[in-house]
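Have the coordinates open while reading.

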Amino acid sequence: MRGMMLAGGAGTRLFPLSQVVSKQLQPVHDKPMIYYPLATLMSAGIRDVHLISTPHDLPVFERLLGDGSQWGIDISYGVQEKPEGIAQAVILGESFLREEPFTLILGDNIFHGPIGLEAEVLEFRDGALIWGYPVEDPQRYGVIEIDDSRRVLSIEEKPDRPKSKLAVPGLYVYDGTAIARAKELKPSQRGELEITDLNLSFLNDRMLRAVELDPEITWLDSGTHESLLDSSNFIATVEKRQGQKVACLEEIAYQKGFVSIEAIRQTIQKMPSSPYRTYCERAILG
């Protein structure tokens, strides 16, 4: 299965930080934010990835990630000229997706813990799959209601009286019809093609399912100053307590069998002397 990462948007909630660098390139503890969603895709066995960003920020992503060969994956790039919605990214990625199933993850969403993406990717056949995360304040999110068979019954955007406490994170799996469905969407009042409307298209055809995440799994949306700081503090605490890095792409690539030990050794040798290099040497090379 192919994977897409959306790293566009204006990043207005992070102003003035977003004047310096894209939201998805902001540091989350010791790594750029984009490492975390890429780690989610790689951990699910997804090796063909397309990243979409703004004309201004795309060259920085290309310098940071390259073609992905150092991790045994293939990264390509696309431009979203204006922030005209998450669903627009599906249309922009048409030549990459080729009407095949794909996973879409937002560049500011961080997951820690077993979310079950790899198993879902292997079993996925058609329709659409989203995740539901239990929150105490569902009025702030898109909220889903599901039945015992994981079928989604309703989606509401920031409801006053939510039917459940399951918020929808920025992780989606779609079949090849998503492109045609996205092309049929009309812009919302804010002038964007909304991902909720794409999900509703599948819901109306009774083809939308959901995975309910365990509360012990951590989902972080790092799009504000406060949540960015919370994310950094969380990652730093986890790494310090467990002695293992979160979203170390070199470690994931080796564990998944994407690259050989010799290839990883060469990648590490190119790193400057740093705590990150020291960790890679210890955790991977031994």
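## Cysteines, burial and contacts

Cys280 is buried, at a relative accessible area of 0%. The model is predicted.

**Cysteine pairing.** The structure holds zero disulfides. Cys248 is in none; its nearest cysteine sulfur belongs to Cys280 and lies 3.8 Å away. Cys280 is likewise in no disulfide, and the nearest cysteine sulfur to it is that of Cys248, at 3.8 Å.

| Residue | Relative accessible area | Class |
|---|---|---|
| Cys280 | 0% | buried |
| Ser18 | 17% | buried |
| Gln139 | 39% | partly exposed |

**Ser18.** This residue sits in helix α1, residues 17-20. Ser18 counts as buried because its 17% relative accessibility is under the 20% cut-off. Beyond four places in sequence, Ser18 touches Ala10, Gly11 and Gln26.

**Gln139.** Where does Gln139 lie? Gln139 is in the loop between β8 (128-134) and β9 (142-146). Its relative accessible area of 39% makes Gln139 partly exposed. With neighbours within four places in sequence left aside, Gln139 contacts Lys158, Pro159, Asp160 and Pro162. Ser164 is 25 residues from Gln139 along the chain, and their C-alpha atoms are 9.9 Å apart.

Terms used:
Residues numbered from 1 in each chain as written. Predicted model: local features only at pLDDT ≥ 70, side-chain atom pairs only at ≥ 80, totals over all residues. Heavy atoms only, no water. Disulfide = S-S within 2.5 Å. Buried < 20%, exposed > 50% of the residue type's maximum accessible area, 1.4 Å probe, protein only. Helix = DSSP H or I, 4+ residues; strand = E, 2+ residues; numbered from the N terminus. Contact = heavy atoms within 4.5 Å.
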